2 protein chains.
Amino acid sequence: MTARPANAHQARLLKLLRDGGPNSRAQLGDQVELSRSKLAVEVDRLLGTGLVVADGLAASRGGRRSQNIRLNPGLRFLGVDIGATSVDVAVTNAELEVLGHLNQPMDVREGPVAVFEQVLDMAGKLKAAGLAEGFDGAGIGVPGPVRFPEGVPVAPPIMPGWDGFPVREVLSQELGCPIMVDNDVNLMAMGEQHAGVARSVADFLCVKIGTGIGCGIVVGGRVYRGTTGSAGDIGHIQAVPGGRPCACGNRGCLEAHFSGAALARDAVQAAQQGLSPELAARLETSGTLTAVDVAAAATAGDATALALIREGGTHVGQVLAGLVSFFNPALLVIGGGVTGLGHTLLAAVRTQIYRQSLPLATGNLPIVLGELGPTAGVTGAARLISDHLFSPA
Amino acid sequence: MTARPANAHQARLLKLLRDGGPNSRAQLGDQVELSRSKLAVEVDRLLGTGLVVADGLAASRGGRRSQNIRLNPGLRFLGVDIGATSVDVAVTNAELEVLGHLNQPMDVREGPVAVFEQVLDMAGKLKAAGLAEGFDGAGIGVPGPVRFPEGVPVAPPIMPGWDGFPVREVLSQELGCPIMVDNDVNLMAMGEQHAGVARSVADFLCVKIGTGIGCGIVVGGRVYRGTTGSAGDIGHIQAVPGGRPCACGNRGCLEAHFSGAALARDAVQAAQQGLSPELAARLETSGTLTAVDVAAAATAGDATALALIREGGTHVGQVLAGLVSFFNPALLVIGGGVTGLGHTLLAAVRTQIYRQSLPLATGNLPIVLGELGPTAGVTGAARLISDHLFSPA
């Protein structure tokens with residue numbers, strides 16, 4: 001696909017068809033401020049680009065039956081969500097429905113060359129399964145800050161070897177299609193906005209608790225990335241004055257007290273100190289512990305595991321309470337790998353926020369788990385590239 | 001003035017003339033995406049409304065000399081900035097230049113009826129001085145959260161009697177012109193954006209430290225008010241876990257540890273404990289102390305006053321460090337009454353933020369004092385109403 005919309009009207013029509021699915025010319029006309037004749041011209045031009053196709057006639061609304069229009073069903077986007085310890089790759093159609101989705105363990109510290117080899121291999125498998133012949137565009141999420149206009153990771157703390165790597169340029173050549181790159185947390189927010197719990201919400205926060213911790217910020221329906229692309233980087237906000245030393249050189253950072261990595265460390269320590277038979281047994285079996293083990297132990301009623309999750313949720317809530325007062329969001333979404341900890345975590349976060357933020361900011365504030373799980377990131381990635389391609393060049 | 005722009009093009013032209021001053025048709029054409037003939041039509045229509053007037057011929061750019069256009073020099077806006085302990089009222093022209101400005105002490109706790117009587121009296125004085133015959137619109141700032149669409153204060157903690165008072169409706173009748181109401185901190189941000197230190201900055205924070213403490217948030221050049229109008233309400237973010245009891249019922253809130261009110265309390269205590277001869281002398285003379293006394297004592301080299309300011313700045317910096325990591329602003333402005341404390345305060349705030357935020361967020365972050373002082377709020381108020389009037393109805 002090389003065609004792009006020629007103007008803002010066409011861009012709007014493409015996004016309406018993406019978000020609302022097939023639609024009649026008459027119904028599209030109800031949603032845009034265009035005269036009937038102008039609308040007809042723009043739709044005809046879009047049909048000419050091949051981005052949209054005619055799809056039969058709509059049911060009559062009283063007069064002549066209107067033509068149905070939809071995005072070209074042959075369009076394919078690739079959504080890639082690179083986490084610290086695994087990678088998700090999915091194929092979507094232009095309406096961002098996930099047609100196929102692969103997940104594989106992977107260590108982001110192996111560096112961009114090794115990781116992209118794996119991504120290309122996974123994309124190849126999705127193609128071989130008949131889900132796509134090629135890709136019209138791809139969105140890529142990486143677990144660190146990104147200089148958005150250039151698609152380049154900057155100073156990513158958990159990603160040695162990625163600093164300044166031209167992700168956009170390299171993958172665009174390898175895949176032969178346009179690429180957009182963003183922080184994984186922003187993509188999760190966009191995914192939940194497109195197809196998850198944040199549909200139709202204009203101003204919200206989406207906190208991802210995985211190996212690290214970050215926050216997607218959506219203002220007026222658009223991701224806010226900050227001046228240097230590091231907005232939402234909340235893992236190093238101070239949660240505990242004079243608290244644990246953090247890899248960043250400060251003490252008491254949120255990530256040092258709660259994240260997938262911190263929780264795993266705490267769990268190993270608790271197991272070794274004999275505080276939890278459940279965790280000790282799991283440590284002996286597998287030689288290591290992760291957040292998944294803590295979740296399982298908590299589900300089995302292990303008091304230490306439950307206490308670790310509650311304490312972590314309280315730290316997260318302490319930091320988020322301040323951000324809720326500051327940002328006054330309409331919705332707060334909690335997602336990421338650690339949401340396996342589920343409602344115990346959510347309850348602790350909620351309690352702390354409701355206790356510590358002003359009633360005016362929390363009065364109507366839903367605090368909920370994300371709905372899409374691992375699909376959020378890849379859906380957000382597809383949305384990122386579609387936002388780009390469905391905008392005037 | 002009843003005319004409003006008929007469309008987005010006219011609105012854009014009005015704002016260009018407001019922010020850039022008189023301009024030739026040719027130069028305006030360089031700044032908007034309109035054909036020459038379309039531009040001529042829109043300018044002629046604006047001339048017809050009386051919102052803009054012709055103003056002679058511009059210097060030649062090689063061909064025929066272009067007509068100069070400016071906003072009607074007879075337009076008058078009223079800017080009102082109601083603080084906790086004083087009120088500022090100013091008259092501006094349509095380019096938001098302050099033509100006259102009055103300040104009077106006033107206690108916001110006297111309630112809206114008494115305060116507006118005083119505001120109307122001050123507006124009358126400005127009229128009597130020949131600065132305005134009437135007002136084409138007025139912007140009003142109040143020291144608390146505002147339900148923006150309706151122009152009604154909500155649950156204002158320091159403003160008993162104001163909750164739900166229909167400020168917009170009542171003042172609109174009294175003044176006989178359109179009114180917009182906003183939080184005083186947002187207006188300060190808009191003032192610094194229009195004519196102060198934040199000109200041309202898209203994403204910035206503007207922290208006002210007065211009797212209380214609050215933060216204006218500007219995203220993409222527009223004030224972000226949050227879902228219920230309480231965005232930027234940072235006075236009750238926890239600065240000191242388990243710290244001082246706060247009027248809101250929690251402990252350790254920023255406002256309990258540093259604000260004009262907290263600083264005055266601390267100063268009185270220090271004077272009474274014999275820690276500061278300078279403050280003790282001032283307390284004996286006037287029977288009370290304010291931030292102004294602390295500033296004067298600090299200027300005179302009083303160690304206790306300096307320590308109070310530094311400690312306060314550190315608390316402010318602790319909270320702002322987290323918000324800088326979260327929001328990644330291009331600029332952080334510190335303003336409000338307490339800026340009389342000047343560079344001692346600023347240095348403490350800066351030190352804490354640079355120490356505690358990530359380098360990616362602080363690398364290019366200027367942290368500066370506001371430039372406009374008491375003019376910021378009234379200028380922002382005039383800008384608020386002009387944004388409203390210079391938008392399509």
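Biologist: What share of the 393 residues in chain A is buried?

Modeller: A residue is called buried when its relative accessible area is under 20%, with a 1.4 Å probe and protein chains only. In chain A, 56% of the 393 residues are buried. This is a predicted model, so to speak of local features needs pLDDT of at least 70 and side-chain atom pairs count only at pLDDT 80 or more, while totals for chains, interfaces and linings use all residues. Residues are numbered from 1 along each chain as its sequence is written, chains are lettered from A and ligands numbered from 1 in the order written, and side-chain values use heavy atoms, without hydrogens and water.

Biologist: Which radius of gyration does chain A have, and why does it agree with a compact globule?

Modeller: The radius is taken over C-alpha atoms, and the globule rule is 2.2 Å times the number of residues to the power 0.38. For 393 residues that rule gives a value near 21 Å, and chain A, at 23 Å, agrees. Its C-alpha trace spans about 75 × 50 × 40 Å along the principal axes.

Biologist: How many helices and strands are in chain A?

Modeller: These are DSSP runs: H or I over at least four residues for helices, E over at least two for strands. Chain A has 14 helices and 15 strands.

Biologist: What area is buried between chain A and chain B?

Modeller: The size of an interface is often given as the accessible area lost when the parts come together. Here it is about 3100 Å² (1.4 Å probe, summed over both parts), with 62% from carbon and sulfur atoms. Tyr224(A), Phe326(A) and Leu360(A) supply 25% of what chain A buries against chain B, more than any other three residues.

Notes
Buried means under 20% relative accessible area, exposed over 50%, partly exposed in between (1.4 Å probe, protein chains only). Buried area is the accessible area (1.4 Å probe) that two parts lose on being put together, summed over both.
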